[in-house]
Amino acid sequence: MKAKVHITLKPGVLDPQGKAIEGALRGLGFTNASQVRQGKVIELTVDETNAAAARTRVEDMCKRLLANPVMENYDIEILD
Amino acid sequence: MKTAVIVFPASNCDRDAAVALEQATGKKPVMVWHQETDLPDTDLIVLPGGFSYGDYLRSGAMAAHSPVMRAVVERAKAGAPVIGICNGFQILTEAGLLPGALLRNAGLDFVCRMTTLTVENSQSMFTSGFTKGQYVSFPVAHHDGNYFADDETLNRLEGEGRVAFRYVDNPNGSARNIAGILNDAGNVLGLMPHPERVISPLLGGVDGTLFFMGIVEAAGRKP
């Protein structure tokens, strides 16, 4: 099954890259853009046929490697 | 005193660390490649600076799961002294041997310059060569050196005297100006500045020599 993991910085964790992107957007005239936060998306295929089992596997991957719980949150999407 | 330096792909301060350790101990350290699963008998393990695995995923995240790190974690938990410098500090946090994380520098820039630090704890096996409140100068060279932990963790670190070094002029946005911390047992030190780069007047200073000599002396005093 295909999975997509969205990793974002926890609220309150300083995101200087998000701030720089916001500054650049404003420079381009997008003055209504605010609170920009940068994260990452990891796509992978898990060798499971059951969505719940796939989610459990990916959850374990997030805890052990893909996300750092000190500073990041993650959200798992099982696609098919 | 026997020492070991762990070498990861894209470590780049491993040789500097080796020279500093040889200067202080009189013996060449054993260089241990990250694929090794066993560690030699050693009195001190150093995780050097660099950009292990190209900083993929997060700085230190891949290295923290290298085969050799299982042995390092085991030794550290058994009380062996371990120092992580710069990328080594990032690896120690990712491996769970030290609390917190190192975020992108608050100013976004890679910072490469001399920093002045205060020694906050001179009782540890790594800092007993200094006196509390003493100023030392070590250079920093990093992009992800902004120390972050929740308030509860920061309060605990300060309350337990586990902040080893603090920046006088914070170069990266680190919480409470923290430059280096100890684990709860006091046998693991992580710091972003590079003591191994100031071991000769030709290199701009000798405070690093004092740092490594202090560790050797502390090891000699150990019963």
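This is a predicted model: local features need pLDDT of at least 70, side-chain atom pairs count only at pLDDT 80 or more; totals for chains, interfaces and linings use all residues.
Ala, Val, Leu, Ile, Met, Phe, Trp, Tyr, Cys and Pro count as nonpolar, Asp, Glu, Lys and Arg as charged, and the others, Gly among them, as polar.

Residues are numbered from 1 along each chain as its sequence is written, chains are lettered from A and ligands numbered from 1 in the order in which they are written, and side-chain values use heavy atoms, with hydrogens and water left out.

**Stop 1: the largest pocket**

Select A:Gln17, A:Lys40, A:Glu72, B:Leu57 and B:Arg58. Of the 25 residues lining the largest pocket, these are the closest to its centre. The pocket's volume is about 510 Å³. The lining divides into 9 nonpolar, 8 polar and 8 charged residues. (On a 1 Å grid over the protein atoms alone, a pocket is an open set with protein on both sides within 12 Å along at least five of seven lines; a cavity is a set of points where a 1.4 Å probe fits but cannot get out; lining residues have an atom within 4 Å of a point.)

**Stop 2: the aromatic rings**

Now show B:Phe138 and B:Phe211. Their ring centres are 6.0 Å apart and their planes at 75°, so the pair is edge-to-face. (Rings of Phe, Tyr and Trp, its six-membered ring, pair if their centres lie within 6.5 Å; planes under 30 degrees apart are stacked, over 60 edge-to-face, the rest tilted.) B:Phe138 sits in strand β7 and B:Phe211 in helix α5 of chain B, 73 residues apart. (Helices, H or I of at least four residues, and strands, E of at least two, are DSSP runs numbered from the N terminus.) Both residues are buried. (Buried means under 20% relative accessible area, exposed over 50%, partly exposed in between, with a 1.4 Å probe and protein chains only.)

**Stop 3: the largest cavity**

Stay on B:Phe212. It also lines the largest cavity, as do B:Met1 and B:Leu21, among others. About 30 Å³ of space lies inside. The lining has 7 nonpolar, 2 polar and no charged residues.

Note on methods
Grid points are joined across faces, edges and corners, and a volume is the space filled by probe spheres set on the points.
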